[in-house]
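Here is a short report for someone meeting this structure for the first time. Look over the sequence and the model, then read on.

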Amino acid sequence: MTAVTPPALSIQPRRIDFDLPDPLPRHWHGGDPFKTHFFNAMSLLFPDGERFFIDSVRYFRDQVSDPEQQALIRGFIGQEGHHSREHIEYNNRLQALGYDVEALTKPVRRRIAYANKHLSPQRRLAGTVAMEHFTAIMADAVLRELRWFEGASDSMRRIWRWHALEETEHKAVAFDLYMQVCGDRKLLRQAMRYSTWFFLRDVTRGMWHMLRKDGRLMDMRLWYQGMRWLWGRGGFFSSLMVAYRDFYREDFHPWQHDNEKLMRECQREFDPANTLVPR
């Protein structure tokens, strides 16, 4: 099964001021601490993670001679850079609520520093490709199924849909570059296994911290309902498993998950005429 990046694809960062609520509602996802902190914990990973992605791609960009691919790489770097800045502001709001953002993000920075010092550029790019697939399949779910943000505040729903849209637009940039400069599928599969472990561990650690701060860590009913929402039949993670496993195929390409039509529909949400942020 073959697939390529849509030929008419243009990747442009959207300079949107989301004007996040200040203070941030403590449980902005319909009053549900579990769902709120699941997304909050992911936000903690983005600023450092996306700078790592940018550096991993930028290292190889001089090996690209095709002007169209160069334009996609520029768009990728621009979008990821803006994501990092928006999530720094988001995370500052979490810090203001009393959550220890520094303690939660320090292990991520330490792990990235280790990777930059000890791993080859090819391995670092493989890690970027793996995490870009993870974010792409989650982004597809966020754009496709409104139920994942049912009850959430409009401003928070909007920032997550914006992020999901741009992750969809550039989901194959790092992959295409990797296949050009390296192409080792075994290395990609290894990177995905490591990335999955660290992602789930970091998100769980962030959720534990924030729920403990809220005095809800030992709320078994909350955990039961939350784990059903994540891993139950039709849950957020369980519904991604087929798309996740596709990454391990020898012929995999991100655009085999053809959601271009959905992407085009969602792009209209963020046309300049529609960039006012509901509060």
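## Ground rules

This is a predicted model, where local features need pLDDT of at least 70, side-chain atom pairs count only at pLDDT 80 or more, and totals for chains, interfaces and linings use all residues. Residues are numbered from 1 along each chain as its sequence is written, and side-chain values use heavy atoms, with hydrogens and water left out.

pLDDT is the predictor's confidence in each residue, from 0 to 100. Its mean over the protein is 94, and 96% of the residues reach 70 or more. Residues 275-279 fall below 50. In the model, this stretch still has 15 contacts beyond near neighbours in sequence. A contact means heavy atoms within 4.5 Å.

## The whole chain

The protein has 10 helices and zero strands. Both kinds of element are DSSP runs, numbered from the N terminus: helices are H or I with at least four residues, strands are E with at least two. From the N terminus on, the order reads α-α-α-α-α-α-α-α-α-α. The radius of gyration is 18 Å, close to the 19 Å that the globule rule gives for 279 residues, so the protein is as compact as a globular protein of that length. That radius is taken over C-alpha atoms, and the globule rule is 2.2 Å times the number of residues to the power 0.38.

Along its principal axes, the C-alpha trace spans about 55 × 45 × 35 Å. Of the 279 residues, 56% count as buried. Buried means under 20% relative accessible area, exposed over 50%, and partly exposed in between, with a 1.4 Å probe and protein chains only. The protein exposes about 13,300 Å², and carbon and sulfur atoms supply 53% of that area. Accessible areas come from the Shrake-Rupley method with a 1.4 Å probe; for residues, only the protein chains shown count as cover.

How many of the contacts between residues at least 6 apart in sequence join residues at least 24 apart? The share is 83%.

## Helix α3

Helix α3 covers residues 101-118 and has 18 residues. From its first C-alpha to its last it reaches 26 Å, close to the 26 Å expected at 1.5 Å a residue. The expected span is 1.5 Å times one less than the number of residues. The buried residues of α3 are Val101, Leu104, Thr105, Pro107, Val108, Ile112 and Ala115. They pack against α1 (33-58), α2 (67-96), α4 and α7.

## Salt bridges

Side chains of opposite charge can pair when their charged atoms come close. A salt bridge here is a side-chain nitrogen of Lys or Arg within 4 Å of a carboxyl oxygen of Asp or Glu. By this rule the count comes to 19.

| Pair | N to O distance |
|---|---|
| Arginine 144 and aspartate 140 | 2.9 Å |
| Glutamate 250 and arginine 189 | 2.7 Å |
| Arginine 249 and aspartate 251 | 3.0 Å |

Arginine 144 and aspartate 140 both lie in helix α4 (residues 121-144), four residues apart, about one turn of the helix. An α-helix has 3.6 residues a turn, so residues three or four places apart point the same way. Arginine 144 is partly exposed at 46% relative accessible area, whereas aspartate 140 is buried at 18%.

Glutamate 250 and arginine 189 form a pair that links distant parts of the chain, 61 residues apart. Glutamate 250 is in the loop between α9 (241-246) and α10 (260-267), and arginine 189 is in helix α7 (residues 185-213).

In the remaining pair of the table, arginine 249 is partly exposed at 28%. Aspartate 251 is partly exposed too, at 31%. Elsewhere, salt bridges that share partners join Asp48, Arg51, Glu102 and Arg109 into one network.

## Single residues

Isoleucine 11 is found in the segment before α1. Is it buried or exposed? Isoleucine 11 is buried, at 3% relative accessibility. Not counting residues up to four places away in sequence, it touches Leu72, Gly75, Phe76, Gln79, Glu169, His170 and Val173.

Proline 23 also has its place in the segment before α1. The peptide bond from aspartate 22 to proline 23 is cis, with omega near 10 degrees.

Leucine 200 is in helix α7. Leucine 200 counts as partly exposed, at 27% relative accessibility. Its C-alpha atom is separated by 27 Å from that of arginine 58, 142 residues apart along the chain.
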